[in-house]
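Subject: Structure for you to look over

Dear colleague,

I am handing over the structure below, followed by some notes on what was found in it. Please read the notes with the structure open beside them.

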Amino acid sequence: MQSILDIPQLPDSFLLIGTPGAGKTTLAIQLAVAQGKKIGILDLDRNLAGPVRYLKSLGNSCDLSNIKVTDPYTDKTGKILDRLDRFERAMECLDEMITDKDIDFILVDSATSLVEFVLDKVRKDASGKTPPRVGDNRKVLAGSLRMEDWGTFFGVMKKIIFEVKGSGKSNCWTCHIRPDKDEMLGITQYFIAIPGQTSTVISSWFSEAWLVEAITEGLGSAIKTVRKIRTVGDRNSQPLGLKTSCPLPA
């Protein structure tokens, strides 16, 4: 055992939530670079061009030379993988980053895209009389999961996250949000874009759960985008489970 006073002061795990283009990936990289970390990215969204272009524009203030990227959509030879093989490839990529001594910060970008890999894994391994069918993305739609399959999905997602957390390396997971209009309250609430029970508890598995927002203000030539980080939820964002282990304001 160790004393609670020996726990690192810097948070070791971040969940950054927001809409596409809000700046989640860019912020995650900046957080790691600011701590002098060597970064490994599991690129599930395949959308790094924008963050890299912006970070390059900062010049020497953001060194990108210590960043490695893995692609779970192709094998080690660059061949595009079949849909049902991508989950195992993604786990192989994570294992490589966990064991790589030159990586001490793992970024999973994003958990929302990882969901599709896990759903296909659950469908592929399902047993019983009426297992959910695996679609082909063309003529055959993927089948809905059964009650027992959702339990498997929850277990797989939690196992993956805690394997990364158990590596002892700092880690950050980005995740999208989805709006849902509450007709009774007359408000639109925002939820983490992960299906099932997992969306209601995933924030509790991280030290930090922040909402990253890009808010456009002004008109015409005066238009500008303001980027904010929200660490405390209001009635619209309360289901996101925002929190901070740092003494940050709301």
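**A buried threonine**

Thr231 is buried, its relative accessible area being 3% (buried means under 20%, exposed over 50% and partly exposed in between, with a 1.4 Å probe and protein chains only). This is a predicted model, in which local features need pLDDT of at least 70 and side-chain atom pairs count only at pLDDT 80 or more, whereas totals for chains, interfaces and linings use all residues. Residues are numbered from 1 along each chain as its sequence is written, and side-chain values use heavy atoms, with hydrogens and water left out.

Thr231 sits in the segment after β9 (helices, H or I of at least four residues, and strands, E of at least two, are DSSP runs numbered from the N terminus). Apart from its neighbours within four places in sequence, Thr231 has contacts with Trp210, Leu242, Lys243, Thr244, Leu248, Pro249 and Ala250, where contact means heavy atoms within 4.5 Å.

**Nonpolar cores**

The largest nonpolar core has 41 residues, and those with the most contacts inside it are Leu15, Leu94, Val118, Phe153, Ile160, Trp173 and Ile194; a nonpolar core is a set of buried Ala, Val, Leu, Ile, Met, Phe, Trp, Tyr and Cys residues joined through side-chain atoms within 4.5 Å. At least two residues of this core come from each of β1 (13-17), α3 (86-99), β4 (105-109), α4 (111-125), α5 (147-165), β5 (170-175) and β8. A second, separate core has 18 residues, among them Ala28, Ile41, Leu48 and Leu55. Val118, for its part, touches Phe87, Phe153, Val156, Met157 and Ile160, if residues up to four places away in sequence are not counted.

The largest pocket holds about 460 Å³ of space. Of its 23 lining residues, Ala22, Gly23, Lys24, Thr25 and Thr26 are the closest to its centre. A pocket here is an open set of points on a 1 Å grid over the protein atoms alone, where a 1.4 Å probe fits, with protein on both sides within 12 Å along at least five of seven lines, and lining residues have an atom within 4 Å of a point; a volume is the space filled by probe spheres set on the points, which are joined across faces, edges and corners. The largest share of this lining, five residues, is given by α1. The second largest pocket has a volume of about 180 Å³, and β8 contributes the most to its lining, with four residues.

The whole structure contains 14 salt bridges, each a side-chain nitrogen of Lys or Arg within 4 Å of a carboxyl oxygen of Asp or Glu. Through shared partners, Lys76, Arg89, Glu92 and Glu96 are joined into one network.

**Backbone points to check**

Most residues other than glycine have a negative phi, and most peptide bonds are trans. Arg46, in the loop between β2 (39-43) and α2, has a positive phi near 50 degrees, and the peptide bond from Asp109 to Ser110 is cis, with omega near 10 degrees.

With kind regards
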